[in-house]
Amino acid sequence: IQEQQSLLDGHQLILKNRLEELIILLSRYYSQLDATEAKALVRIGKIIDYLEHNFADKIYLDQLAEMAFMSTRNFQRIFKKAVGSSPTNYLMQIRLQKARKLLRESDLSVVDIANETGFTDDNYFIKCFKKENSITPIKFRLRYGNRRKE
């Protein structure tokens with residue numbers, strides 16, 4: 001995330017290399033798993049893809065568990081084991097990452113960004129954003145946003 005946010009020369013190449021490294025490590029890991037565990041991880045991968053593309057929607061834990069063909073409790077356990085975070089926290093990270101991108105690259109208001117990233121309450125968005133980034137969305141935009149020539 002830091003590399004993506006830095007936008008320094010060569011950041012795209014570094015990100016591509018990290019992705020390739022991750023793919024190799026995952027393929028090694030999956031080859032050592034038994035079939036049941038591998039299937040569960042593939043289902044988790046599909047859920048992650050779903051979250052990445054539908055982060056702005058209202059998403060419920062039971063809905064995700066059902067999509068993964070698991071009980072809610074088992075889904076939470078396997079998701080956390082695979083990702084290192086709960087599904088709810090993972091979704092929050094996606095939403096905040098998208099919000100940072102919009103703050104840097106768009107002129108949308110904080111209220112609009114909150115709505116675009118799945119937060120129905122802009123005050124809750126500001127609270128979550130500040131907790132995660134130690135700075136309010138407005139100050140983040142002033143510090144890291146595109147500086148346009150006037």
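1. Accessible areas here come from the Shrake-Rupley method with a 1.4 Å probe, and for residues only the protein chains shown count as cover. On that basis the chain has an accessible surface of about 10600 Å², and 52% of this belongs to carbon and sulfur atoms.

2. The model is predicted: local features need pLDDT of at least 70 and side-chain atom pairs count only at pLDDT 80 or more, while totals for chains, interfaces and linings use all residues. Residues are numbered from 1 along each chain as its sequence is written, and side-chain values use heavy atoms, with hydrogens and water left out.

3. The chain has nine helices and zero strands; helices (H or I, at least four residues) and strands (E, at least two) are DSSP runs, numbered from the N terminus. The C-alpha trace spans about 60 × 35 × 20 Å along its principal axes.

4. Of the 150 residues in the chain, 29% are buried, where buried means under 20% relative accessible area, exposed over 50%, and partly exposed in between (1.4 Å probe, protein chains only).

5. Take contact as heavy atoms within 4.5 Å. Among contacts between residues at least 6 apart in sequence, 54% join residues at least 24 apart.

6. Asp-62 is part of helix H4, which covers residues 61-67. Why does Asp-62 count as exposed? Its relative accessibility is 52%, so Asp-62 falls in the exposed class. The C-alpha atom of Asp-62 is 9.0 Å from that of Phe-75, a residue 13 positions away along the chain.
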